[in-house]
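The dialogue below takes a few of them in turn.

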Amino acid sequence: MRHPWIFSGAIGAVRGSPAGGEAVEIHSASGEWLARGFYSGESQIRVRVATWDSEQPLDTPWLRTAIERAVAGRAGLADGPDGACRMVFSEADGLPGLIVDRYGPYLSVQMLTQAMAVRADAVTVALAELFDPRGIYERSDADVREKEGLLSHEGLLWGEPPPERLELRPLSLLGAGTVPPPMLVDLQGGQKTGHYLDQAANRARVAAYCRGANVLDCFSYSGGFSLYAAQAGAASLTLIDTSASALALAQANLALGAPGVTAELVEGDVFRVLRQYRAEGRTFDVVVLDPPKFAHSQHQIERAARGYKDINLLAMQLLRPGGVLASFSCSGLVSPDLFQKIVFGAAVDAHRDVQIVERLGQGPDHPVLLTFPESEYLKGLLCRVW
Ligand code: SAH
């Protein structure tokens, strides 16, 4: 009920020849009006529903009102001038294909569907009016755009280009009155929209286990987990990422937020480096696993599961008894249940007793729409490994 995706196989007939991104009416087989959505000629998801209200046209005022509602839903989250927060989260906010991240005075935007791509100008005007930002930058470089037959598109949409490094405080929910540490965000050259906002609150959760700990931060990107761990009093930090530019940003973040803390920055493949550490007999008190999305489509789930199991097994083998594993998966196609089974499999193979002490998910600026379970994609298990 009220799921926003209509797959090509579910469509009996298409009347006329709607253009990509055009608003279309959806009727049941018996001719009853059901909903209104956006057509996509290329994607298997042929229509994305945007309203179930027959009175509501999908025009420019609709777009603006929907963005306003998304913004109203984030009231109180990272409001300050250096706050960073996802303001629009695609289908979960009723705006299929539109992602808007606020990084202080700048907006970083992804338009991932034909519907949003053809409305880029209207989206830009609405955002400029509602946020009065210094600049709006587009980062529609995601591979999802390929499925829509769209090319990547990056560049300045409005105002001034963002500087190479912005000093911001991503929403962290450390508690009322607590100010999260500043982090450097690279809107133009960084990954995705510039930063992984979905992990902001989890960094603080994991840091609670890091006092005096030797911390291994796998898939560190710009060092978010390490920075919080350092501030919580970690004894040592080891960061692993394949991207040299990510590690450079991580180093700058640690210099800014945790000066004097020594960190080992390792440019390499986590699968390989963890095997090397195991061979060397290295151990850690806390291991964070925050890999990129392993499953991009149904037929990749099995391979993804093997990948998750491999790194979780290795991480458990590197943990001293009583150590903490913070293991994440951002593959929406891997359900929380399957993810837990994978970690279970790793624990059995590692011959370790593993307790789940906390379950983590995406931050409150990435809401889950009940009629769209796909919007729940990030899951984390905080485990004590004996
Ligand atoms: N933990 C980060 C986000 C991680 S995103 C944060 O809190 O912000 C995933 C990261 O994994 C990216 O930086 C990417 O460069 C890196 N990566 C992808 N494949 C990798 C691999 N096989 N080994 C090491 N790093 C990898």
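What follows is a short exchange on cysteines, a ligand and a cavity in this predicted model.

Q: How many disulfides does the structure hold?

A: A disulfide is a pair of cysteine sulfur atoms within 2.5 Å. By that cut-off, the structure holds zero disulfides.

Q: Which cysteine has the sulfur closest to that of Cys210, and is Cys210 buried or exposed?

A: Cys218 has the closest sulfur, but the distance is 13 Å, so this pair is also too far for a bond. Cys210 has a relative accessible area of 1% and is buried.

Q: Which residues are closest to the ligand?

A: The ligand is surrounded by 15 residues, and the closest are Arg203, Asp241, Asp269, Val270 and Asp290. By class, the shell has six nonpolar, five polar and four charged residues.

Q: Where do polar atoms of the protein lie relative to a nitrogen atom of the ligand?

A: Phe219 places a backbone N or O atom 3.0 Å from a ligand nitrogen. Asp269 uses a polar side-chain atom, which lies 2.8 Å from a nitrogen atom of the ligand. For Asp241, a side-chain N or O atom is 2.6 Å from an oxygen atom of the ligand.

Q: How much of the ligand does the protein bury?

A: Taken alone, the ligand exposes 580 Å², and the protein buries 89% of that.

Q: How many cavities of 30 Å³ or more does the structure hold?

A: Rolling a probe the size of a water molecule over the atoms shows where empty space remains. Here there is one cavity of 30 Å³ or more. The largest cavity has about 50 Å³ of space.

Q: Which residues line the largest cavity?

A: Its lining includes Phe38, Tyr39, Ser40, Arg46, Arg48, Gln114 and Glu148.

Key: Residues are numbered from 1 along each chain as its sequence is written. This is a predicted model: local features need pLDDT of at least 70, side-chain atom pairs count only at pLDDT 80 or more; totals for chains, interfaces and linings use all residues. Side-chain values use heavy atoms; hydrogens and water are left out. Buried means under 20% relative accessible area, exposed over 50%, partly exposed in between (1.4 Å probe, protein chains only). A residue is near a molecule or strand if one of its heavy atoms lies within 4 Å of it. A polar contact is a pair of N or O atoms within 3.5 Å; within protein, one must be able to donate a hydrogen and the other to accept it, and residues adjacent in sequence count only if both atoms are side-chain atoms. Accessible areas come from the Shrake-Rupley method with a 1.4 Å probe; for residues, only the protein chains shown count as cover. Ala, Val, Leu, Ile, Met, Phe, Trp, Tyr, Cys and Pro count as nonpolar, Asp, Glu, Lys and Arg as charged, and the others, Gly among them, as polar. On a 1 Å grid over the protein atoms alone, a cavity is a set of points where a 1.4 Å probe fits but cannot get out, and a pocket is an open set with protein on both sides within 12 Å along at least five of seven lines; lining residues have an atom within 4 Å of a point. Grid points are joined across faces, edges and corners, and a volume is the space filled by probe spheres set on the points.
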